[in-house]
Amino acid sequence: MTAWKPDSGETLLARIPVSFATGAATPVSGMRWFRDEERRDIQGELAGWPDGPVHTARSRASRLARRGLKAGLLVALIAVVGALGNSGVGNISTLGRSDDPEDEVEDFPVMWAAPGTLARALPWQLDPARRPSTDRTHAIITDRRLLFVGLLDDEETIWDDVLWEAPRSAVSRVEPRDFGSGGDVKVVFADGSWCRLRSRWRDAFVDRLGDAVPEIVGLEALTTAQRMTVMTFAAAHSAAGTPLVTRQSDGNFLVAIRASDRVSPSHGLCEGLRDMVMGPDGDEIKDEWMASSLIPPRNSTPRTPMETPPSRQ
């Protein structure tokens, strides 16, 4: 068993650490459910899945008790900071308003699947509460298919186990979900089933598995000016391998490079990624970041990785 490689003629677009998402709102914080279309818990029906935690959404009474405890802790924190002579405690982050409270506040399904649908076949290793703490799961996106692979958290040796795969045509749409961590994405399959995943590199996932396969442009198809700009950009960032050039809907080109082909359990192939927007004339369009970028917005701080599984209870 070795690191996964695309077939001949297949183009690797992204390799991204992913896991099933986790609830953030107080009633569902730290929880996730697996549901059918009648909102029944189906985790006991999923073939080959080991036992996992059974969650119950918190009642209003328990939420009020937790809220009171948090308020007490906040008062204590303010007192400590005041004693240290600080003028404040900084911004207290909030989750904002959910556009889908039924599935984000009252309940938190990460699988929604009627019998026989594609989502029911997703691997249990995507669940941080079921897989060993030594394991990771990656999504691999190509111009032909979507795969999930499992691997050990070992930076020295990457052995991939293909857990699940489907053609791109099986994916109907990909929806960013911003409530909570801001790193969630909903993948809706053609049969109506769906899953909710979390990744630090969500933008790359959404971009590379969007509604259409990106139009990949080979270096030989570029003009001399365009090719010179691409190669100069790649050389400046010590690119490993051939830059990936895709044509955008506005006529510009997105040029993506990697500083290394080394697969990292924590970063997939997102470590050292850089991208650049190039105009039709071959000029780099500076200080512009597109939603299709493979890396977080420029001048931003990447989120703390979401993929590290919590301690098993």
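Visitor: Why is R145 called buried?

Guide: Buried means under 20% relative accessible area, exposed over 50%, and partly exposed in between, with a 1.4 Å probe and protein chains only. R145 has a relative accessible area of 13%, so R145 is buried. This is a predicted model, in which local features need pLDDT of at least 70 and side-chain atom pairs count only at pLDDT 80 or more, while totals for chains, interfaces and linings use all residues. Residues are numbered from 1 along each chain as its sequence is written, and side-chain values use heavy atoms, with hydrogens and water left out.

Visitor: What makes the contact of E165 and R145 a salt bridge?

Guide: The term requires a side-chain nitrogen of Lys or Arg within 4 Å of a carboxyl oxygen of Asp or Glu. For E165 and R145 the N to O distance is 2.9 Å, so the pair qualifies. The two residues are 20 residues apart, E165 in strand β7 and R145 in strand β6. Strands (E, at least two residues) and helices (H or I, at least four) are DSSP runs, numbered from the N terminus.

Visitor: Is E165 buried, partly exposed or exposed, and what makes it so?

Guide: The relative accessible area of E165 is 42%, so E165 counts as partly exposed.

Visitor: How do you know that D153 and R136 form a salt bridge?

Guide: Their closest N and O atoms are 2.9 Å apart. D153 lies in the loop between β6 (145-152) and β7 (161-167), and R136 in strand β5 (residues 135-142), so the bridge ties together parts that are 17 residues apart in sequence. D153 is partly exposed because its relative accessibility is 34%, whereas R136, at 7%, is buried.

Visitor: What does the side chain of R136 reach at 3.3 Å?

Guide: The side chain of R136 reaches the backbone oxygen of S133 at that distance.

Visitor: Which parts of the chain does the E104 and R177 pair link?

Guide: The side chains of E104 and R177 meet in a salt bridge at 3.8 Å, N to O. E104 is in helix α2 (residues 101-104) and R177 in strand β8 (residues 171-177), 73 residues apart. Both residues are buried. They also belong to a network of salt bridges that links D100, E104, R173, E175, R177, D184, R196 and R198. The structure holds 26 salt bridges.

Visitor: What is noted about the backbone of R39 and of S238?

Guide: R39 has a positive phi of about 65° although it is not a glycine, and S238 has one of about 50°, also without being a glycine. R39 is in the loop between β3 (33-35) and α1 (60-83), and S238 in the loop between α4 (224-236) and β12 (244-247).

Visitor: Why is S238 called exposed and R39 partly exposed?

Guide: S238 has 53% relative accessibility and therefore counts as exposed. R39 has 26%, so R39 counts as partly exposed.

Visitor: Which element gives the most to the lining of the largest pocket?

Guide: β1 gives the most, with four residues. A pocket is an open set of points on a 1 Å grid over the protein atoms alone, where a 1.4 Å probe fits, with protein on both sides within 12 Å along at least five of seven lines; lining residues have an atom within 4 Å of a point. The lining has 29 residues, with L12, T242, L244, R258 and D261 nearest the centre of the pocket.

How values were computed:
Polar contact = N/O pair within 3.5 Å; in protein donor to acceptor, adjacent residues only side chain to side chain.
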